[in-house]
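Colleague: I would like to go through the labels on this model one by one. Please give me the value and the cut-off each time.

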Amino acid sequence: MHPNDPFLRSFVDVAPDSHFPIQNLPFGVFSTDADRVPRVGVAIGDRILALAALEEAGLLAADPSGGPVFARSSLNPFIALGRDAWRQVRARVSELLRHDSPTLRDDPALRARALVPMAGARLHLPVEVGDYTDFYSSREHATNVGSMFRDPKNALLPNWLHLPVGYNGRASSVVVSGTPVRRPNGQTKAPTADQPSFGPSRKLDIELETAFIVGRGNALGEPIPVAEAERHIFGMVLMNDWSARDIQQWEYVPLGPFNAKSFATSISPWVVTLDALESFRVPGPPQDPEPLPYLRQVDKASVDLHLEVALRPDGTADATTVCRTNFRHLYWSMAQQLAHHTVSGCNTRVGDLMGSGTISGPEPDSFGSLLELTWNGRNPLALAGGGERSFLEDGDEVTITGWCQGDGYRIGFGEVTGRVTPALS
């Protein structure tokens, strides 16, 4: 049976609303108190399947040379084996987890070693991120920002409908979900002030994004054609591109974001493969004017991926869902982003992270940042249990989650969470 078959069942109990049924099998890196060495695993229900244990037992071989690839602290060695290996491993793991497959199911000793409760595990950054690029691919988001800070009648800059706008970010500050985020200090300038001042950002924001991870690089000087681009993508994660809007507004002319975004970028720990998302592929928005030939694609370029953002103030039990949107709203696809990124001959490498940019939809409650949701603070959000927010306060916890809804099952990403801590004094 195909690993995506909706009728597949696992011998591991999986709740209908779990993000990790047997049809998903996302890859990540974990450790436990009993074994503090990070290693590769696959999420199944509320468990982690330790692939190194299966490799040791001779039930899983990924590298044709026979070397171990799962007793590693990142996915990079496995990803570097290529698309055929990704698919073979996912198919083999699916086979071993099936309800009617006795190999793992009926071996209690191996099962005890290989199936780890997720609740007791520590999840690590899944890949070594060599380079990080962030795009600006939501038409709704770009229009909102342009309307706020420029001319609403000409909200989009002249190049926006012709190419996926992006910038090179800071890979060293990419962190895994659960890592606290310190409020940044920086230089800002109030509209009425004669001179800039220095201090903590007063407009700390989130950006609801996804990101894809490069699975096969390209040589310097050799672009990746748009029709081949998805063969170079291993999978996707959720991403929160934390942003200091007041620092950004003062520094971004003429070269774009710098300190306003370099202090932290959070990603979810589980990487969902493109193969697992295949049943949920949909067309992206119509593109007018038609892109130049190197960016043209006619297939189902997007994914029907539901996304939500929740905000929970410090000391409260109640979180408020502040945004509900969908990945399918993105104007520029992942394939177009990668094709444009490399069209100059720029080389990419295994583990490179490519952010989507803020994902906003057409309705006010589908905007993917507080900047848009509150219209730069003019319309504060009411929170459950009282209180309101224009931008983030110290102690606020933000959680982004996302899933594709199947018939009786979900292909989910888990979540990416971060809590704001005070700036250095």
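**Labels and their cut-offs**

Modeller: W375 is partly exposed, with a relative accessible area of 22%. The model is predicted: local features need pLDDT of at least 70, side-chain atom pairs count only at pLDDT 80 or more, and totals for chains, interfaces and linings use all residues. Residues are numbered from 1 along each chain as its sequence is written, and side-chain values use heavy atoms, with hydrogens and water left out.

Colleague: Why is W375 called partly exposed?

Modeller: Buried means under 20% relative accessible area, exposed means over 50%, and partly exposed is in between (1.4 Å probe, protein chains only). W375 has 22%, so the label is partly exposed.

Colleague: Why is N376 called buried?

Modeller: The relative accessible area of N376 is 17%, so N376 counts as buried. N376 sits in the loop between α10 and β23. Helices (H or I, at least four residues) and strands (E, at least two) are DSSP runs, numbered from the N terminus.

Colleague: What makes the phi of N376 worth a note?

Modeller: Phi of N376 is near 60 degrees, a positive value in a residue other than glycine. Phi of W375 is near 50 degrees, also positive in a residue other than glycine. Most residues other than glycine have a negative phi, and most peptide bonds are trans.

Colleague: Which residue is joined to P254 by a cis peptide bond?

Modeller: V253, with omega about 10 degrees. P254 is in the loop between α7 and α8 (259-262). A cis bond also joins D288 and P289, again with omega about 10 degrees.

Colleague: Why is S360 called buried?

Modeller: S360 has a relative accessible area of 0%, therefore it is buried. S360 lies in the loop between β22 (353-355) and α10 (370-373).

Colleague: What makes the S360 and G368 pair a polar contact?

Modeller: A polar contact is a pair of N or O atoms within 3.5 Å; within protein, one must be able to donate a hydrogen and the other to accept it, and residues adjacent in sequence count only if both atoms are side-chain atoms. A polar side-chain atom of S360 lies 2.9 Å from the backbone nitrogen of G368, so the distance meets the cut-off.

Colleague: How many residues of each class line the largest pocket?

Modeller: The lining has 15 nonpolar, eight polar and five charged residues. Ala, Val, Leu, Ile, Met, Phe, Trp, Tyr, Cys and Pro count as nonpolar, Asp, Glu, Lys and Arg as charged, and the others, Gly among them, as polar. A pocket is an open set of points on a 1 Å grid over the protein atoms alone, where a 1.4 Å probe fits, with protein on both sides within 12 Å along at least five of seven lines; lining residues have an atom within 4 Å of a point.
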